[in-house]
Amino acid sequence: MTMKKAGWLLLVMTLTSVIVLMAIYPKAALESALRGLSIWWDVLFPSLFPFFVISEMLLGFGVVHLIGTLLDPLMRPLFRIPGAGGFVAAMGYVSGYPVGAKLTAKLWEQKMVNREEGERLVAFTTSSDPIFLIGAVSVGFFHDPKIGLILAIAHYGGGFVVGLLMRFHGRRKSADHPGEDTLNIAGGKPGRIKAAFQAMHAARLQDGRDLGTLVSQAIQSSLQLIIVVGGLVVFFSVFLELWTRAGVVTSFTELIKTMLSLIGMPQALSTALVGGIFEVTLGARYAGEAGSFIPLPYKAAAAAFILSWGGLSVHAQIVSILNSTNLRYFPFAVARLIHGIIAATAVILLWETVMGTPMPALMDLSAVSTPALSGYSHIMAGFTVLIGTLIVCILLIRLIRGLHQKIRKIPR
């Protein structure tokens, strides 16, 4: 059986289990759906919809081409993407997921990025918006505005590092966009500014829509996307609740507890991490509301990982957006996992410097009870370590092969 067929079989089995569990727990399904709908209506719709409309109109006005021409000398050396990626990064970091993916798909449709550039761009421009990070997570869940500073540094700094790492994704080509690379910049800054406004004017003429048509189509397109986002939030809310009732999530939580004990982290954070794997809002809330016996830096590190991973609900939104393009999901998923690890590590390493309070020591691994690492849990922990080792080996092999090919191409 091929991986594709196995994936489809797993998807069908998962959806079938949801249908069966909805029949067994109808009240729980209805209540979880209402909770998901409340999150969408109270938080996501008012925060995302205006940005969707504004970004769509800015694309029509040609502002992306203006910013792209200005930022091209900066974005290409750092991230190997066109200057238009600067606009996507700014909008993505300000408005949060999934705006970065939406704008990347628009750039791909306008042939301003190719597949590999689009994959690099969407990988590091998918992030939480500052309002959610500071207002909802820091103030609402942790009840401490100071947490917002360390979370912002870890989350957005980690995104920048991911962008630098993603520049190695894909093969290097001599001229992906020769038209932009050969812009006349010999005249210095004024020449590039003039070229930027000329690019914006040309893009506006090429678009050709009047203001009324542009506004109408921007609202229609944004409504379609925000409804898709809401549907996915409701689905994953129901999915997580039903699987919790069925005991599947509980078993998964026990596995995460074992993994946390192996690295000396509080096992009580397993509930937050499991919730965050599926839905970012739920996971961040569990991290902030975890027991007071858990040191605050560890809870903040868990929240940083959850915010950077984004949750499968956000991943599904990204997949639905990229479905109309040839951009692949796998590079995005790997980048999210790397972003989460970098952000969580940054919180722990920078805690004492940024927050001014001492960092508590990791849990003593010898204090982990033997039953926690025996029987089924011991087997699953060993299996997890084995799979992780194999994944790391595969990535290292691909990296070595890539470096070997680059070395062979160096003229002797």
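Predicted model: local features only at pLDDT ≥ 70, side-chain atom pairs only at ≥ 80, totals over all residues.
**Exercise 1. Find which residues make the nonpolar surface patch, and which helix gives the largest share.**

Solution. Start with the members: Trp 8, Leu 11, Leu 15 and Phe 235 make a nonpolar surface patch of about 380 Å². Next, look at where they come from: helix H1 (residues 3-24) supplies three residues, the largest share. Now take one member, Leu 11, which is found in H1. Its relative accessible area is 39%.

**Exercise 2. Decide whether Ser 270 is buried or exposed, and list what it touches.**

Solution. First place the residue: Ser 270 is in helix H13 (residues 270-278). Its relative accessibility is 0%, and therefore Ser 270 is buried. Then follow the side chain, which reaches the backbone oxygen of Gln 267 at 2.9 Å. Finally, set aside neighbours within four places in sequence; Ser 270 is then in contact with Thr 253, Ile 256, Lys 257 and Leu 260.

**Exercise 3. Work out why helix H5 (residues 99-109) is described as largely enclosed.**

Solution. Begin with the count: nine of the 11 residues of H5 are buried, so the rest of the structure largely encloses this helix. The buried residues include Val 99, Gly 100, Lys 102 and Leu 107. Now ask what covers them: the cover includes helices H2 (26-61), H3 (63-79), H4 (84-95), H6 (115-125), H11 (211-246) and H16 (311-322). To finish, step just past H5, where Lys 111 takes a positive phi of about 60°.

Key. Residues numbered from 1 in each chain as written. Heavy atoms only, no water. Patch = residues over 30% accessible without salt bridge, like charges linked within 9 Å, V, L, I, M, F, W, Y side chains within 5 Å. Areas by Shrake-Rupley, 256 points an atom, 1.4 Å probe, with all protein chains shown as cover. Salt bridge = Lys/Arg side-chain N within 4 Å of Asp/Glu carboxyl O. Helix = DSSP H or I, 4+ residues; strand = E, 2+ residues; numbered from the N terminus. Buried < 20%, exposed > 50% of the residue type's maximum accessible area, 1.4 Å probe, protein only. Polar contact = N/O pair within 3.5 Å; in protein donor to acceptor, adjacent residues only side chain to side chain. Contact = heavy atoms within 4.5 Å.
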